[in-house]
Amino acid sequence: MTPKNLPILEANYVLVHVNIGHMDANVDIAEKYGIPLHKGVPALAVLSDQGALLYSQKGGGVRGYAPSGVRSPDQLLIQWKPAKPGCSAVMVNC
């Protein structure tokens, strides 16, 4: 994530980095959240504060999003941030 996304992340999310090694470690976590590692990394999934999957990046790594694109990372973060103050979502970043 870029520095401009840090305020959104810090205020609304718990960021969890998942080390996948050479596509040979923690693959079960990526599979659980529907992240197709074969399409590229880094990729992300957004979970609710209860652990429900809100979004899974099916199209490949987040580098595929242009900063000014229709669904740039900052727009995704704003879209899935919790509605209630004091709550947080979890973003799994493989």
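The accessible surface of the protein chain comes to about 5600 Å², and 57% of that area belongs to carbon and sulfur atoms; areas come from the Shrake-Rupley method with a 1.4 Å probe, and for residues only the protein chains shown count as cover. What you see is a predicted model, in which local features need pLDDT of at least 70, side-chain atom pairs count only at pLDDT 80 or more, and totals for chains, interfaces and linings use all residues. Residues are numbered from 1 along each chain as its sequence is written, and side-chain values use heavy atoms, leaving out hydrogens and water.

Let's start with the overall layout. The protein chain has 3 helices and 4 strands, arranged along the sequence as α-β-α-β-β-α-β. Here helices (H or I, at least four residues) and strands (E, at least two) are DSSP runs, numbered from the N terminus. Of the 94 residues, 39% are buried, where buried means under 20% relative accessible area, exposed over 50%, and partly exposed in between (1.4 Å probe, protein chains only). Among contacts (heavy atoms within 4.5 Å) between residues at least 6 apart in sequence, 51% join residues at least 24 apart.

Now for some backbone details. Most residues other than glycine have a negative phi, and most peptide bonds are trans. Valine 41 and proline 42 are joined by a cis peptide bond, with omega about 0°. Proline 42 sits in the loop between helix 2 (27-32) and strand 2 (44-47).

| Residue | Phi | Relative accessibility |
|---|---|---|
| Methionine 23 | near 60° | 43%, partly exposed |
| Asparagine 26 | near 55° | 36%, partly exposed |
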